[in-house]
Amino acid sequence: MLSLDLHPIFRSNRDIDQAMRTFLISAAAGGAQVAAIIPGKGSGKLQTRVLRFLDQGHVKKLYARREIDPSNPGRILVHFG
């Protein structure tokens, strides 16, 4: 499973958006079934930011559905096609 860990760039909003956009496009183009974005547990601010990013209309077109991993609440699973 492909994964993107946001811990190293959590302080830079521009880097976070760019990393997620690039990651999702690559995963979708590469035929991935599921990819994980890892914002971590923390205070929940980064996870909220990731979910808001994923819920944008132009981003939603890249994937079928998203969910918070039931076995690890610090990970968001993005399902393609």
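From the N terminus on, the order of elements in the protein chain is β-α-β-α-α-β-β. That comes to 3 helices and 4 strands. Helices (H or I, at least four residues) and strands (E, at least two) are DSSP runs, numbered from the N terminus. The model is predicted, so local features need pLDDT of at least 70 and side-chain atom pairs count only at pLDDT 80 or more, while totals for chains, interfaces and linings use all residues. Residues are numbered from 1 along each chain as its sequence is written, and side-chain values use heavy atoms, with hydrogens and water left out.

The overall dimensions come next. The C-alpha atoms of the protein chain fill a box of roughly 30 × 30 × 20 Å along the principal axes. A compact globule of 81 residues would have a radius of gyration near 12 Å, and the protein chain agrees with its 12 Å. This radius is taken over C-alpha atoms, and the globule rule is 2.2 Å times the number of residues to the power 0.38. Among contacts (heavy atoms within 4.5 Å) between residues at least 6 apart in sequence, 59% join residues at least 24 apart.

How do the strands pair? Strand β4 (76-79) pairs with β2 in the antiparallel sense over 4 bridges. The pairing of β3 and β4 is also antiparallel, over 4 bridges. Two strands are said to pair if DSSP finds at least two bridges between them. Within β4, L77 is the bridge partner of A36, and I76 is the bridge partner of I68.

Are the faces of β4 covered or open? Both are covered: I76 and V78 on one side, and L77 and H79 on the other, are all buried. Buried means under 20% relative accessible area, exposed means over 50%, and partly exposed lies in between (1.4 Å probe, protein chains only). Of the 81 residues of the protein chain, 36% count as buried.

In soluble globular proteins, nonpolar side chains tend to be buried together. Here the largest nonpolar core has 20 residues, and those with the most contacts inside it are L6, M20, L24, I37, L54 and F80. The elements that give two or more residues to this core are α1, β2 (34-38), α2 and β4. A nonpolar core is a set of buried Ala, Val, Leu, Ile, Met, Phe, Trp, Tyr and Cys residues joined through side-chain atoms within 4.5 Å. Leaving aside neighbours within four places in sequence, F80 is in contact with residues including L24, A27, A28, V34, L62 and Y63.

Which residues does Q47 touch? Not counting residues up to four places away in sequence, they are P39, I68, P73 and I76. The side chain of Q47 also reaches the backbone oxygen of P73 at 2.8 Å. That is a polar contact, a pair of N or O atoms within 3.5 Å; within protein, one must be able to donate a hydrogen and the other to accept it, and residues adjacent in sequence count only if both atoms are side-chain atoms. Another polar contact, of 3.2 Å, joins the side chains of S12 and D15. S12 lies in the loop between β1 (2-5) and α1 and is partly exposed at 24% relative accessibility.

Side chains of opposite charge can pair when their charged atoms come close. A salt bridge is a side-chain nitrogen of Lys or Arg within 4 Å of a carboxyl oxygen of Asp or Glu, and by this rule the count comes to 4. In one of them, the closest N and O atoms of R49 and D17 are 3.0 Å apart. R49 lies in helix α2 (residues 45-54) and D17 in helix α1 (residues 13-29), so this pair ties together parts that are 32 residues apart in sequence. R49 is partly exposed at 23%, and D17 is partly exposed at 23%.

A second salt bridge joins D55 and R66, with the closest N and O atoms 2.9 Å apart. Because R66 lies in strand β3 (residues 65-68) and D55 in the loop between α2 and α3 (57-60), the pair ties together parts 11 residues apart in sequence. D55 is partly exposed at 34%, as is R66 at 28%. In the salt bridge of R75 with D69, the closest N and O atoms are 2.4 Å apart. Here R75 is partly exposed, at 24%, whereas D69 is buried, at 5%.
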